[in-house]
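Please read the following note with the sequence and the model open side by side. The points are numbered so that each can be checked in turn.

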Amino acid sequence: MPAWEQRKLGELFDYEQPQPYIVRGTEYDDSFPTPVLTAGQSFVLGYTNEKQGIKMASPEHPVIIFDDFTTSSHFVDFPFKVKSSAMKLLTLRDKNEDIHFAYQVLQNIAYTPVSHERHWISKFATFATLMPECKSEMQAIGHFMSNLDGLITLHQRKRLWFAK
């Protein structure tokens with residue numbers, strides 16, 4: 001079994017400030033094409049028809065949006081805009097690593113914010129976690145966790161649909 005190494009989240013992720021992608025208007029409509037996201041519980045705030053400043057995430061180039069104040073995060077693999085500057089857009093520094101695995105690591109950090117501060121730089125980037133040295137092991141775990149997340153989402157949708 002290959003070794004695992006301890007790494008800081010700041011060594012694993014690069015971050016981008018969201019200012020270029022902030023939505024200008026608040027006239028949302030479900031018929032518009034571009035979702036406006038927040039890293040909080042609601043995730044999709046609405047849809048905008050703004051054409052400029054869209055973050056072009058995709059399945060090949062996903063990002064993780066991290067709420068700097070609440071430490072909530074979401075995996076995003078589609079184009080979007082954001083509502084707030086109080087987040088970081090995270091990508092992997094090493095493109096050979098698995099972002100699904102890294103997202104699960106981030107999701108499982110046991111931390112509860114106690115103050116209103118920007119947590120990525122002050123706290124999260126310094127947190128250390130164990131990571132497999134073997135990239136194929138990381139990818140296998142990431143793939144499994146991604147599939148599991150997909151199944152959970154499908155079952156939640158099914159339960160909501162049957163509850164109607």
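1. Asp14 is partly exposed, with a relative accessible area of 32%. On this scale, buried means under 20% relative accessible area, exposed over 50%, and partly exposed in between, calculated with a 1.4 Å probe and protein chains only. The model is a predicted one, in which local features need pLDDT of at least 70 and side-chain atom pairs count only at pLDDT 80 or more, while totals for chains, interfaces and linings use all residues. Residues are numbered from 1 along each chain as its sequence is written, and side-chain values use heavy atoms, with hydrogens and water left out.

2. Asp14 forms a salt bridge with Arg93, and their closest N and O atoms are 2.9 Å apart. Asp14 lies in strand E2 (residues 13–16) and Arg93 in the loop between strand E8 (87–92) and helix H2 (99–107), so this pair ties together parts that are 79 residues apart in sequence. The term salt bridge denotes a side-chain nitrogen of Lys or Arg within 4 Å of a carboxyl oxygen of Asp or Glu. By this rule the count comes to six salt bridges. Helices (H or I, at least four residues) and strands (E, at least two) are DSSP runs, numbered from the N terminus.

3. The closest N and O atoms of Glu50 and Lys81 are 3.6 Å apart in their salt bridge. Glu50 lies in the loop between strand E4 (44–48) and strand E5 (63–67), and Lys81 in strand E7 (residues 81–82), so the pair ties together parts that are 31 residues apart in sequence.

4. Lys88 and Asp68 meet through their side chains in a salt bridge of 2.7 Å, N to O. Since Lys88 lies in strand E8 and Asp68 in the loop between E5 and strand E6 (73–76), the pair ties together parts that are 20 residues apart in sequence. Lys88 counts as buried at 3% relative accessibility, and Asp68 counts as buried at 0%. Which residues are linked in a network of salt bridges? They are Asp68, Lys88 and Arg118.

5. Thr38 is placed in the loop between strand E3 (34–37) and E4, and counts as buried at 16% relative accessibility. Leaving aside neighbours within four places in sequence, Thr38 is in contact (heavy atoms within 4.5 Å) with Phe43, Leu45, Ile65, His74 and Met87.

6. The aromatic rings deserve a separate point. A search of the whole structure finds 10 aromatic pairs. Rings of Phe, Tyr and Trp (its six-membered ring) pair if their centres lie within 6.5 Å; planes under 30 degrees apart count as stacked, over 60 as edge-to-face and the rest as tilted. Trp120 and Phe124 form a stacked pair, 6.4 Å centre to centre with 25° between the planes. Both Trp120 and Phe124 are buried. Phe124 and Phe127 form a tilted pair, 5.0 Å centre to centre with 55° between the planes. Phe124 has a relative accessible area of 2%, whereas Phe127 counts as partly exposed at 21%. One aromatic cluster is formed by Phe13, Phe66, Tyr111, Trp120, Phe124 and Phe127.
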